[in-house]
Amino acid sequence: MVAETLAHLLGRGAPRNPDRDSLDAWGKALGAVLPRPTVITLEGDLGTGKTTLARALCAGLGVLALDAVTSPTFSLVQQYAAPRGPIVHVDLYRLKGPSDLEALGWDELVDQSPVLLVEWPDRAAKMLPSDTIGISLAHDPDHPGRRLLKVHAPRGGVR
Ligand SMILES: Nc1ncnc2c1ncn2[C@@H]1O[C@H](COP(=O)(O)OP(=O)(O)O)[C@@H](O)[C@H]1O
Ligand SMILES: [Mg+2]
């Protein structure tokens, strides 16, 4: 049942052109059915809603201190307590190359985080696990309050 809900939310159940409320509702529903371990990438320009969606996912994952879910642009890595293990949230925007990734302890983050949320994942490109759930957000030129959402569910299914 959970697996079906997950597949639906990653497929036809994903809103293509959500306003803030529907992005939030989708993120909460998705967070509630995520398997562990899971890596989710959030890509998109500044202000497209990566952190807004991260917060919704965290709400669904049971994080209570939602105010703590902010862009980890300067801290690079933030961690939030959740009932079934911590959520790790990283922002790779300021990384310059693979050696920065190593300094961040990337392999450990991927191996040891029950749920890993990654903003600006292009910096990690080939270092992402193959079963990563990829989410991209873009501004909608016609509707300032809406976004264009795309989901790339892993071919072999989620873990
Ligand atoms: N449909 C929408 N989806 C997500 N955010 C939206 C939407 N419409 C307006 N917004 C606003 O856009 C901003 C997105 O900011 P944020 O989540 O910090 O973006 P990012 O992390 O991608 O830089 C928030 O102020 C949010 O309220
Ligand atoms: Mg952000």
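The model is a predicted one, in which local features need pLDDT of at least 70 and side-chain atom pairs count only at pLDDT 80 or more, while totals for chains, interfaces and linings use all residues. Residues are numbered from 1 along each chain as its sequence is written, and chains are lettered from A and ligands numbered from 1 in the order in which they are written.

**Overall fold**

- The protein has 5 helices and 6 strands, where helices (H or I, at least four residues) and strands (E, at least two) are DSSP runs numbered from the N terminus; along the sequence they follow the pattern α-α-β-α-β-β-α-α-β-β-β.
- The radius of gyration is 15 Å, close to the 15 Å that the globule rule gives for 159 residues, so the protein is as compact as a globular protein of that length; the radius is taken over C-alpha atoms, and the rule is 2.2 Å times the number of residues to the power 0.38.
- Of the 159 residues, 32% count as buried, a residue being buried if 20 or more other C-beta atoms, placed from the backbone, lie within 10 Å of its own.
- Among contacts with a separation of 6 or more, 64% join residues 24 or more positions apart, two residues being in contact if their C-beta atoms, placed from the backbone, lie within 7 Å.

**Nonpolar core**

- The largest nonpolar core has 32 residues, and those with the most contacts inside it are Leu-53, Leu-57, Cys-58, Ile-87, Leu-117 and Val-118; such a core is a set of buried Ala, Val, Leu, Ile, Met, Phe, Trp, Tyr and Cys residues joined through C-beta atoms within 7 Å.
- The largest share of this core, 5 residues, comes from α3.
- Leaving aside its neighbours within four places in sequence, Leu-117 is in contact with Ile-40, Leu-42, Ala-54, Leu-57, Ile-87 and His-89.

**Helix α3**

- In α3, 8 of the 11 residues are buried, so the helix is largely enclosed by the rest of the structure.
- What covers the buried residues of α3 includes α2, β1, β2 (77-80), β3, β4 and β5.
- Gly-62, whose phi is positive, near 90°, follows α3.

- Of the 16 residues around ligand 1, Arg-20, Gly-49, Lys-50, Thr-51 and Thr-52 come nearest, a residue being near if its C-beta atom, placed from the backbone, lies within 6 Å of the molecule.
- The elements that give two or more residues to this shell are α2 (20-33) and α3 (50-60), and α3 gives the most, with 3 residues.

Conventions. A residue is buried if 20 or more other C-beta atoms lie within 10 Å of its own, exposed if 12 or fewer, and partly exposed in between; C-beta atoms are placed from the backbone.
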